[in-house]
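Here are my notes on the model you sent. Please read them with the structure open.

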Amino acid sequence: MMIESDKLSPSLEDYLETVLILVRGGSVARVRDIAAHLGVGKSSVTGALKTLAKRGLVNYEPYQFITLTDHGRELAEEVSARH
């Protein structure tokens, strides 16, 4: 269940859900894949991933694959179920 500090903007929810979709699809999540999936620029993705990483929801390092933390996966699955 989502707690108050977990509330994300709809945009950040979309980024989180996209990482989940890419990983579930047997692919890896990279900045360029997320950008292509959402139709946004790579710089937008990078900014969102930094925010999500600060919240402990994704593991993000430049030029590396993006993964969800356990807490990030829980939230992403909640978002996915709502959508």
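1. Glutamate 13 is buried, with a relative accessibility of 10%. Here buried means under 20% relative accessible area, exposed over 50%, and partly exposed in between, using a 1.4 Å probe and protein chains only. Glutamate 13 still has a charged partner: its side chain forms a salt bridge with arginine 82 at 3.0 Å, N to O. A salt bridge is a side-chain nitrogen of Lys or Arg within 4 Å of a carboxyl oxygen of Asp or Glu. Arginine 82 belongs to helix 4 and glutamate 13 to helix 1, so this pair ties together parts 69 residues apart in sequence. Helices (H or I, at least four residues) and strands (E, at least two) are DSSP runs, numbered from the N terminus.

2. A word on the source. This is a predicted model, where local features need pLDDT of at least 70 and side-chain atom pairs count only at pLDDT 80 or more, while totals for chains, interfaces and linings use all residues. Residues are numbered from 1 along each chain as its sequence is written, and side-chain values use heavy atoms, with hydrogens and water left out.

3. How many salt bridges does the structure hold? There are 3. Arginine 24 and glutamate 77 form one of them, at 3.6 Å, N to O. This pair also links distant parts of the chain: arginine 24 is in helix 1 and glutamate 77 in helix 4, 53 residues apart. Arginine 24 is exposed at 51%, and glutamate 77 is partly exposed at 35%. Arginine 30 pairs with aspartate 33, with the closest N and O atoms 2.9 Å apart. Arginine 30 is partly exposed at 28%; aspartate 33 is buried at 18%.

4. Look at glutamate 17, in helix 1 (residues 10–24). Glutamate 17 is buried but has no salt bridge. The nearest side chain of opposite charge is arginine 24, 7.4 Å away. For charge, Lys and Arg count as positive and Asp and Glu as negative; His and the chain ends are not counted. Beyond four places in sequence, glutamate 17 contacts Val79, Ser80 and His83. Contact means heavy atoms within 4.5 Å.

5. Gly72, Leu75, Ala76 and Val79 are the buried residues of helix 4. They cover an arc of only 100° around the axis, so they sit on the same side of helix 4. That arc is taken from the directions from the helix axis to the C-beta atoms. These buried residues pack against helix 1 and strand 2. The face turned away from them carries the exposed residues Asp70 and Ala81.

6. Alanine 29 is in the loop between helix 1 and helix 2 (31–38). At 1% relative accessibility, alanine 29 is buried. Leaving out residues up to four places away, alanine 29 touches Val19, Leu22, Val23, Ile34, Phe65 and Ile66.

7. Please check tyrosine 63. Tyrosine 63 has a positive phi of about 70° and is not a glycine. Most residues other than glycine have a negative phi. Tyrosine 63 is in the loop between strand 1 (58–59) and strand 2 (67–68), and at 85% relative accessibility counts as exposed.
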